[in-house]
Each structure stands twice: as C-alpha cells, then as structure tokens.
Amino acid sequence: MAYHALYRKWRPIVFDDVIGQSHITNTLKNEINSSRIAHAYLFTGTRGTGKTSTAKILSRAVNCPSSTDGNPCNECEVCKAIMNETCLDVQEIDAASNTGVDNIRDIISQVQYIPSMGKYKVFIIDEVHMLSKGAFNALLKTLEEPPAHVIFILATTEVQQIPATILSRCQRFDFKTISISDIVSNIQKILNGEGINADFDALEYVAYLGDGSMRDSLSILDQCLAFKENDLTLSDVVDVVGAVDDKILYEFASDVANCDTESALRRFNDCVNSGKNFDNIAKGLLSVFREIIMYKINKDNFSVSKLKRGYLESCADSFAIESLVNCINILSECIAQFKTFSSQRVLCECTLIRLTTPSLNTDIDSALSRLSALENKVSAIANGSVKISVSNTAPVQNSSVDDEIPLPEPPGEDASYDAPPAFDEPASNSAQTPPSPSEGYEKIVSNWSEVMSHIMTSGKLSLYTTLFTAKPSVSGNELTIHVDDPDKKHSVSEPANIAAIKDALLSLFALDVKVTVTTESSSQGVDSEDIFANLGAMEKKFPGNFKLD
Ligand SMILES: [Zn+2]
C-alpha cells in the first residue's frame with residue numbers, strides 16, 4: 001500500500017477539525033448558516049496553520065446542498081467531486097508558479113460562466129503575494145465587481161506584500177500559530193488512529209520543532225516514523241532530526257551563567273564527537289537564550305513543553321534580560337559568519353569563550369549586561385535567596401579555599417549607612433597594601449574601583465549603579481564626583497548617599513573627605529578601562545553559583 005504523508009491523510013475535512021483556529025472557523029460557519037457569504041476572503045498566517053485546509057473546506061461548505069451547522073457533509077456528489085478535484089467549479093491556483101497577468105486573465109475569463117454543479121465558483125489562490133503587479137491589477141477589477149456566484153479565497157504567508165487596494169476588498173482572517181498543546185493533542189489523535197505508540201515527551205518535542213505549524217510537525221513525525229515505526233521516544237526524535245538535546249543546550253546555558261569556559265568547551269567537544277553539527281549547536285543555543293527571555297518576560301503565557309519549563313525554571317533567575325540579549329547578539333554574529341568563516345569549529349569555540357568570558361567583550365552593551373548580572377546576584381544575596389562563597393583570589397570552582405561569608409542583612413531604608421558593611425574586607429590588592437593617609441587624597445581617584453566595590457558590598461545598589469559612569473576628581477581634601485545629568489546629581493547628593501561615600505573613603509583610606517557632586521565634566525577621572533576593571537573586580541567577588549538540576 002502506498003504511503004500517504006500524515007499531513008495529507010489527516011487533513012481536516014470539516015471546520016470543527018481545524019486545530020487552533022476556532023475564531024475563524026466559527027465565523028465562517030456563522031456566515032454559511034446565515035447565508036452572508038463574502039465574495040473575497042484573505043487568509044493570512046504562517047505556514048502550516050490551516051489556511052489551505054480551511055479554504056478547501058469553505059469551498060465545499062458553500063456548495064454542499066446538505067451542510068450541517070456550516071460544515072460540508074463530504075458525502076454528497078458535490079462534496080465528493082470537489083474532494084476528488086474533478087469539479088470545475090472549484091479551482092486552486094498556486095500563485096508561486098502562475099505569477100503573470102495571463103494566468104489571472106485566464107481565471108477572469110471563467111468568472112462569467114455560472115457554476116456547473118454547486119451554487120458558487122470558488123477560486124483559491126495560494127501564495128497570492130507572489131503575483132506580479134500587473135496580475136494584481138487585473139485581479140482587482142474582478143474583485144471590485146465580482147459576479148454573485150463567484151468567491152475568491154486568497155491565501156498568503158506575507159500579507160504585508162499584498163496591495164492595499166486588494167486588502168480593502170477582502171474579508172481578512174489571521175491564522176494563529178498553533179500552540180504546542182494543541183499540536184500535541186492532534187498528533188496524539190492521529191497516532192491513535194494509526195495504532196502507533198509514542199512517548200508524550202517525544203510528541204512535545206516534535207510539536208516544539210514544528211514551531212506552531214501543524215504541517216511541519218506532521219512532516220517531522222513522518223520522518224521519525226520512517227526511522228522507527230512504533231514506540232517513538234524523545235531520544236529517537238532527537239536522533240532523527242540531528243538536534244542537540246534540550247538538556248545539553250540548557251547545560252550550555254548554565255556554563256554561560258557560571259562563566260565556566262572549560263565546561264562549555266568540553267561539552268561542545270562531546271557534542272561534536274557524537275555527530276552534532278555546528279549549525280544545530282549554535283542555533284539550538286540561540287533558541288534557548290530566546291526561550292529564557294520569553295519565559296522571564298511572560299512566564300505564565302509562554303507556550304512550552306513541561307520538560308522544558310523545568311529547565312527554564314531552574315535557570316531563568318541566573319540571567320538578567322541584558323545578559324540574555326547580549327548572548328543572543330554574540331550567537332547571531334556567530335551564525336551569520338558560518339558561511340564566510342573558514343572553520344566553523346573555531347568560530348563556535350570562540351563564541352563559547354566569548355559567552356562564558358564576559359570580560360572579553362568591551363562594548364557598552366556587554367558592560368550593561370555584566371552590571372545587570374552583578375546587580376541580580378547582589379540582590380539575590382541581599383534578600384537571602386542565594387548563598388555564595390566569596391573568594392579573593394581563587395577561581396570559582398575551587399571551593400576549598402573559599403571563605404563562607406554569612407549573608408548580609410537586607411539593607412533598610414536608612415539603616416544601610418549605619419550598619420557595618422556586610423563584606424568588610426576590601427578587594428585583594430588593597431588588602432595586601434593598606435594605603436596610609438600620608439599617600440594623600442589622589443589615592444582616591446587611582447583606587448576608585450575600590451570605593452565602588454565598597455559601596456556595592458555595603459548594599460547601596462542604586463548608588464553603585466548611579467556612580468557607574470561617574471568620574472571622581474580631587475582637589476585638596478575635597479572629592480568632586482562628576483555625573484552626567486542633574487537627576488544623578490540630585491540622587492548622589494542625598495545625605496545617606498554622601499554618608500555612604502564618606503564611609504567608604506574612611507574605611508578604605510582612613511581619610512575624612514569633603515564630598516561634592518557636580519554635572520560639570522572632569523579632566524581627571526576614570527575611563528572605560530577603569531569601568532571594565534571595576535566590573536572585573538566585582539565579578540570576582542560574586543562568582544556564579546548556578547547549577548542545572
Ligand atoms: Zn455535501
């Protein structure tokens with residue numbers, strides 16, 4: 001027996017079987033029940049969402065003499081003739097291969113004749129955006145004054161390419177991408193009909209790969225069933241499509257969160273050795289970072305498999321949105337370079353090094369992303385949701401030399417200044433060589449990153465952020481802080497903030513300093529290198545500690 005693709009075999013034949021588009025099929029059924037049928041319809045939406053199937057059902061429903069509740073009976077002579085494509089009243093034109101004026105004139109010449117079997121002549125024009133300008137013009141005349149027995153159904157994935165004059169003559173229906181749960185339940189129904197078993201995880205993964213398209217999901221399922229006829233598992237699907245397992249991709253994400261370059265490169269090597277191609281690894285990782293962003297933005301309405309939701313839950317808090325956007329930028333650059341770069345392997349490895357070593361990226365986006373990641377970590381520590389080990393010199397992984405530091409108290413409104421700093425040891429270099437007061441006030445400018453560290457670790461997060469781009473200058477015993485705008489000046493000048501800065505200067509340099517804030521620019525001060533040095537010092541203080549379960 002000839003094998004029929006699942007998509008063709010299980011194409012919906014009544015409106016009620018069209019998945020995920022009830023907003024459209026209910027309207028069409030109502031129109032048919034009340035005989036208020038339009039003369040031109042435009043079906044738009046991404047591929048595989050049911051546009052052509054709905055058009056075919058509509059072409060029968062309007063012609064079927066014994067339709068029930070707007071659905072065609074599919075049993076009568078007319079329905080059968082249309083289904084067998086022997087009825088001349090219904091014509092399907094693929095505009096992708098019939099783009100010219102002559103093709104449209106050909107249609108128009110048939111419009112004047114009355115239908116031979118049913119009530120309506122139906123012209124379904126698929127991929128209508130492919131028509132030439134001349135062809136659209138020819139079509140427009142007929143759409144303006146169509147004979148009463150003619151219905152046009154235009155279908156397109158690219159509605160923005162359709163001329164406004166055409167759009168305004170059509171009743172438009174937007175087909176939605178189909179949710180994973182809708183696709184899974186439909187696939188399950190089809191497999192039950194075929195007597196085939198498959199794990200739920202496998203079906204969820206097929207639906208995920210189908211990306212909202214029923215046709216694509218069923219094509220992937222066909223491919224999997226060609227490989228294994230029954231008892232399909234998740235790992236079968238992963239093997240067939242050559243994808244990288246989600247678990248591995250999320251482990252890569254955890255390497256990025258932990259800045260663990262060694263682990264990421266080892267994982268990459270394992271993937272390559274097990275036959276995964278570079279493109280699938282990079283694109284898979286890109287889609288993981290996209291998923292984490294979408295999940296963070298709209299946790300409850302994010303359509304995702306149960307398994308993946310578990311991964312997302314365990315890692316979403318480890319990333320700030322800025323870091324994720326930065327990761328996506330880096331991966332997009334990598335994917336764009338695949339065609340021109342001589343070694344895809346080297347390109348992927350460099351990309352993983354960039355992702356896991358934020359200090360290599362010195363543009364402002366990366367700086368913001370790193371700052372944001374730090375803020376996340378410090379807030380998590382401050383509100384007690386995360387425990388970290390703080391180390392002055394040791395690498396992150398080497399926990400034996402780390403000192404467990406008790407959690408700082410959450411900073412109160414005003415209490416933060418009076419409270420002893422939670423992390424009262426200064427960063428390593430100043431700990432080894434404590435500055436003496438005799439070294440003078442210039443010390444403040446050259447050790448500004450120490451001052452910033454002190455402010456951050458004492459829990460004054462918003463002051464730290466505001467001062468991030470500020471520049472200090474010193475004259476006599478007076479420190480002037482140069483900020484970009486009046487708002488920042490106002491904020492830094494608040495007594496509690498001035499007190500926090502003075503406190504930092506007193507503890508670090510034993511200097512009692514007069515502090516003023518100005519919006520005037522400074523000739524002295526920090527440049528971008530200092531900003532990155534400052535970030536680097538802070539990141540060492542707050543190493544990542546996120547692990548995927
Ligand atoms: Zn019928």
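Colleague: Let's start with strand 4: which residues are buried on one side, and which on the other?

Modeller: Keep in mind that this is a predicted model. On one side of strand 4 you have Val-150, Phe-152, Leu-154 and Thr-156, and on the other Ile-151, Ile-153 and Ala-155; all of them are buried, which leaves both faces covered.

Colleague: OK, and why is strand 4 described as largely enclosed by the rest of the structure?

Modeller: Strand 4 covers residues 150-156, and seven of the seven are buried, so the rest of the structure largely encloses it. Buried here means 20 or more other C-beta atoms within 10 Å of the residue's own.

Colleague: Which way does strand 1 run relative to strand 4, parallel or antiparallel?

Modeller: Parallel, with five bridges joining strand 1 (residues 40-44) to strand 4. If you want a spot to look at, Phe-152 in strand 4 has Ala-40 opposite.

Colleague: And how many bridges does strand 3 make with strand 4?

Modeller: Five, also in the parallel sense; strand 3 is residues 121-126.

Colleague: Switching topic. What's the strand order in the open sheet of three strands?

Modeller: The order is 8-9-10, and the pairing is mixed. Strand 8 (471-475) and strand 10 (514-518) are the edges, each pairing on one side only. From one strand to the next, the twist averages 25°.

Colleague: How do strand 9 and strand 10 run?

Modeller: Those two are parallel, with five bridges between strand 9 (residues 478-482) and strand 10. Leu-479 sits opposite Val-515 of strand 10.

Colleague: Last one, helix 11. Which of its residues are buried?

Modeller: In helix 11 (residues 234-241), they are Leu-234, Val-237 and Val-238. Looking down the helix 11 axis, the buried residues fall within an arc of 100°, so they line one face.

Colleague: Why would that spacing work?

Modeller: An α-helix has 3.6 residues a turn, so residues three or four places apart point the same way.

Colleague: What do the buried residues of helix 11 pack against?

Modeller: Helix 9 (200-210) and helix 10 (214-227).

Definitions and conventions: Residues numbered from 1 in each chain as written. Predicted model: local features only at pLDDT ≥ 70, side-chain atom pairs only at ≥ 80, totals over all residues. Buried ≥ 20, exposed ≤ 12 C-beta atoms within 10 Å, placed from the backbone. Helix = DSSP H or I, 4+ residues; strand = E, 2+ residues; numbered from the N terminus. Pairing = 2+ DSSP bridges. Axes fitted to C-alpha atoms, helices over the stretch in contact; angles between N-to-C directions. Arc of directions from axis to C-beta. Contact = placed C-beta atoms within 7 Å.
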